[in-house]
Amino acid sequence: MEFVIIGTYDHTAYYETRLLLAALGLAISVYLMAMRKDHRHLTVFLSSGLLMGLMEYLLQSQGLRGPGYGFSLFGQSPPAGTGPFLQGVLDGGIWGLMALWFADLRTSRARFAQWRLWMVMAALVLGLSIFTGMKAGTHAITSSQPIFSTTPIAIITTIIFFSLLIAWQKDTIGPLANFYAGLLIFSLLNYEPLHIAGARYVGVVSGIETTRAGAPWQYVMMFLTYVYEAAGGKLHFLMVPLACGLIRIRERSILESERLTYQHLQNLANRGWRRKSNPFKRYGE
């Protein structure tokens with residue numbers, strides 16, 4: 001019994017919505033670089049698009065998207081040979097940006113107000129996915145990807161292993177865990193509405209026939225793809241630019257937090273002592 005991920009959305013609104021998200025993601029990245037002098041988000045946005053395009057090229061060259069696979073943007077198919085990298089540009093950048101943004105907010109223990117823009121973007125991703133699912137849920141199959149194919153398993157396992165190794169050497173396990181959580185959340189927002197609408201589901205191949213898997217396998221296999229492929233297989237979106245020295249990760253240490261807290265307490269104590277010794281300068285005159 002062979003399990004596959006079936007998609008029906010490659011010619012129905014999906015990549016048009018990706019273009020909108022890519023434009024917004026690029027604008028946010030450029031804004032953060034211009035206003036906060038923080039180039040990390042733009043670097044990860046660009047590297048994520050490039051790395052996802054490379055992954056798409058490897059999968060499609062191995063025939064792992066199904067025979068005759070293709071996609072369209074505004075009704076037009078991309079020129080031959082450029083499709084995988086166009087997919088990377090449209091779909092990859094926003095994955096890396098949203099995950100790094102989430103990791104930054106988690107690492108810095110951001111207040112609720114600082115989460116609002118990220119939440120707006122997350123709601124937009126969810127809304128666009130629901131829209132795509134409603135339009136593509138009844139369409140013909142456009143892609144069929146084996147879940148347990150040797151090539152993607154080898155690639156993804158290698159990505160996870162070296163990402164963890166680099167994170168261990170650079171003492172960035174915590175930020176990598178937050179980045180992974182951001183990837184997993186984005187996977188659920190992006191794919192689960194398609195799954196519910198029937199535009200992306202788990203199929204079972206029997207001979208030349210592909211049927212929809214039953215409920216237990218449907219959810220077990222879909223969860224596996226979220227945890228392993230959709231999130232775990234994209235850890236290099238952060239770790240490749242980190243390993244190449246293109247970005248740095250600064251995590252607030254416990255010692256610095258404790259030192260800051262002690263300093264605040266000392267300042268408050270000094271202020272209290274000064275007030276107690278001479279509070280209003282009235283009675284000593």
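What share of the contacts in the chain with a separation of 6 or more comes from residues 24 or more positions apart? The share is 82%, where a contact means heavy atoms within 4.5 Å.

Before I continue, a word on the source. This is a predicted model, in which local features need pLDDT of at least 70 and side-chain atom pairs count only at pLDDT 80 or more, while totals for chains, interfaces and linings use all residues. Residues are numbered from 1 along each chain as its sequence is written, and side-chain values use heavy atoms, with hydrogens and water left out.

Let me turn to the overall fold. The chain has nine helices and four strands; these are DSSP runs numbered from the N terminus, with helices (H or I) of at least four residues and strands (E) of at least two. Along the sequence, their order is β-α-α-α-α-β-α-α-β-β-α-α-α. Of the 285 residues, 44% are buried, that is, under 20% relative accessible area with a 1.4 Å probe, counting protein chains only.

I now focus on strand β3, residues 200–206. Five of its seven residues are buried. Strand β3 pairs with two others, pairing being defined as at least two DSSP bridges between strands. With β1, residues 2–7, the pairing is antiparallel over six bridges, and I5 has V202 in β3 as its bridge partner. With β4, residues 209–212, β3 is again antiparallel, over four bridges; here V205 stands opposite T210.

Finally, the turn. Two residues lie between the strands in the hairpin of β3 and β4, and G207 takes a positive phi near 70 degrees there.

Key:
Buried < 20%, exposed > 50% of the residue type's maximum accessible area, 1.4 Å probe, protein only.
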